[in-house]
Amino acid sequence: MDWKTFQALLSGVNKYSTAFGRIWLSVVFVFRVLVYVVAAERVWGDEQKDFDCNIKQPGCPNVCYDHFFPISHIRLWALQLIFVTCPSLLVVMHVKYRDERERKYRAKHGADAKLYDDTGKKHGGLWWTYLISLFVKTGIEVGFLYILHHIYNSFQLPRVVKCQIFPCPNVVDCYIGRPTEKTMFTYFMVGASGVCIVLNICEIFYLLAKRISSCAKKTKRQREQAVPLCKQQFRDQDSNCTLPLQDLEHKQYKPKAKLDIPPMDYKMSVFMRASAPNLSLA
């Protein structure tokens, strides 16, 4: 594996990552890739030669080694590093896809035309790609930790293993080379993987909280910019007044002044009653 090419590919992810993503990338390169390349490969080396059994039966040591070490730690970690960094490349590919669309759009509509405000900004489909990549990375980390623990029953390597598999004639004791040193490196790599899981979870919550806050601010801004509705006018069923009730409560009404009717003398009133008996002079 060409680790320089691998590092060059992943360095592009750093431009589009959050603060948690940059810390995650640093942990991967410093505490996992460098430790793997510099120390872990030398510690394990060809561990099959260091796997000694107290019998020279042809085929017995090979069968016992394959039974207790179906896959080497060092190769399992190499696969883990490859799989856990592949989702980050999806973000880079998505940004490259946006850049190509932006280039074609400008070639068609002019140099000043813009399809995206910023092709590397995490909004729309790129936000979902970034969030999905975090879930995939977290799932891969947890899956490889489970596989490692399931294959070896624990993260600690024993000093002696007992093997009773054909063609071994009886119970054979086999000794693992440098078990303490290998156990320390195993715990270190497991701890680095656990730190990466915590960083991924923190970044997921950070992205979700930021998205919820952005949506809440946008909704509040839209409400403030909305035109206020006219006050609804309430009218009494028995009245023709169209003023709002709240205006009616504060409006003071003055009774109309009583009409001044000149007094009539007695003869005139009697004459009017005689000519029009139904008329009321009250």
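Buried means under 20% relative accessible area, exposed over 50%, and partly exposed in between, with a 1.4 Å probe and protein chains only. The model is predicted: local features need pLDDT of at least 70, side-chain atom pairs count only at pLDDT 80 or more, and totals for chains, interfaces and linings use all residues. Residues are numbered from 1 along each chain as its sequence is written, and side-chain values use heavy atoms, without hydrogens and water.

**Exercise 1.** Determine how many helices and strands the protein has.

*Solution.* Helices (H or I, at least four residues) and strands (E, at least two) are DSSP runs numbered from the N terminus. The protein has 8 helices and 3 strands, in the order α-α-β-α-α-α-β-β-α-α-α from the N terminus. Of its 282 residues, 33% count as buried.

**Exercise 2.** Classify Val 30 by its relative accessible area.

*Solution.* First, locate the residue: Val 30 lies in helix H2. Next, take its relative accessible area, 44%. Val 30 is therefore partly exposed.

**Exercise 3.** Describe how helix H4 and helix H5 are arranged.

*Solution.* Two packed helices are described by the angle between their axes and the distance between the axes. Axes are lines fitted to C-alpha atoms, for helices over the stretch in contact, with angles from 0 to 180 degrees between N-to-C directions. The axes of H4 (residues 73-109) and H5 (residues 125-152) come within 10 Å and cross at roughly 175 degrees. H4 is therefore roughly antiparallel to H5, a label for angles over 145 degrees.

Terms used
Parallel < 35°, antiparallel > 145°, perpendicular 65-115°, else oblique.
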